[in-house]
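Keep the structure open while you read.

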Amino acid sequence: MAAILECRQLKKNYGSFTALNGIDLALPQGKIVGLLGPNGSGKTTLIKLACGLLAPTSGEILINGMKPGVETKKIVAYLPERNYLSDSMTVTEMVHFMADFYSDLDQDKAYDMLAHLNIDPKKKFKALSKGNREKVQLILVMSRQAKLYLLDEPIGGVDPASRDYILDTIIKNYNKEATVVLSTHLIADIEPVLDEYVFIRNGDILEYNSAKEVHDRGETVDSLFREVFRC
């Protein structure tokens, strides 16, 4: 099976700082993958390169065999770490706005998820609590029928109960033939949903493996992460 995301000697510099150090990586379709590392390890840089928001310094990154561009944006659903929506828009306006950009956005699914959370779509985004703003952004991403979902710290800013809902939303609503990449340092929270994991530190891939293989050894990805990244 062809890789949905492939990096070939991918390097990204910001001036004299190297964020990604010539990495090689190939992620298959149909998996939930944890992109795991401490802050500043290169996770967000890799995701932005995959979205076409940054250009490589050298090497290449391919999405479904294509360089990031107009065609890949049609199959990639991206949740950035920070808010990307206008505070002055209502939730309904946001759903329509995103549907104008992405033909694969299922508006009925979006409204069903909003109703399940008791989020009033007539409310303006700025009137929602921080947790509900996070959920609205996730709903807009997970309402798409994408081939690759790139979620940058989707549970980093919400309470534990909200984390459970967010992970449940991801599991129940993504296209099962797609791949979900979850970037986070909160390993224990996402471990139950992981198929595979990537450990990244200082711009280098330290390990890429199956979560099942770790569990079959009687370990957890969280305990392995703590061992590998021990200060």
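Two strands count as paired if DSSP finds at least two bridges between them. With that in hand, this predicted model has an open sheet of six strands, in the order S5-S6-S7-S3-S8-S9 and with mixed pairing. Strands S5 (76-79) and S9 (204-210) sit at the edges with a single partner strand each, so one side of each has no neighbour in the sheet. On average, neighbouring strands here are turned by 15 degrees against each other, direction ignored.

Ala77 is the residue standing opposite Tyr149 in S6.

| Residue | Element | Relative accessible area |
|---|---|---|
| Thr179 | strand S7 (residues 179-184) | 0% |
| Leu140 | helix H5 (residues 130-142) | 1% |

What does the side chain of Thr179 reach? The backbone nitrogen of Gly30, at 3.2 Å. Leaving aside neighbours within four places in sequence, Thr179 also has contacts that include Ile4, Val33, Lys147, Leu148 and Tyr149.

Leu140 is buried as well. Apart from neighbours within four places in sequence, Leu140 is in contact with Tyr84, Leu85, Met94, Val95, Met98 and Leu105. Lys109 is 31 residues from Leu140 in sequence, and their C-alpha atoms are 9.3 Å apart.

How values were computed:
Residues numbered from 1 in each chain as written. Predicted model: local features only at pLDDT ≥ 70, side-chain atom pairs only at ≥ 80, totals over all residues. Heavy atoms only, no water. Helix = DSSP H or I, 4+ residues; strand = E, 2+ residues; numbered from the N terminus. Buried < 20%, exposed > 50% of the residue type's maximum accessible area, 1.4 Å probe, protein only. Contact = heavy atoms within 4.5 Å. Polar contact = N/O pair within 3.5 Å; in protein donor to acceptor, adjacent residues only side chain to side chain. Axes fitted to C-alpha atoms, helices over the stretch in contact; angles between N-to-C directions.
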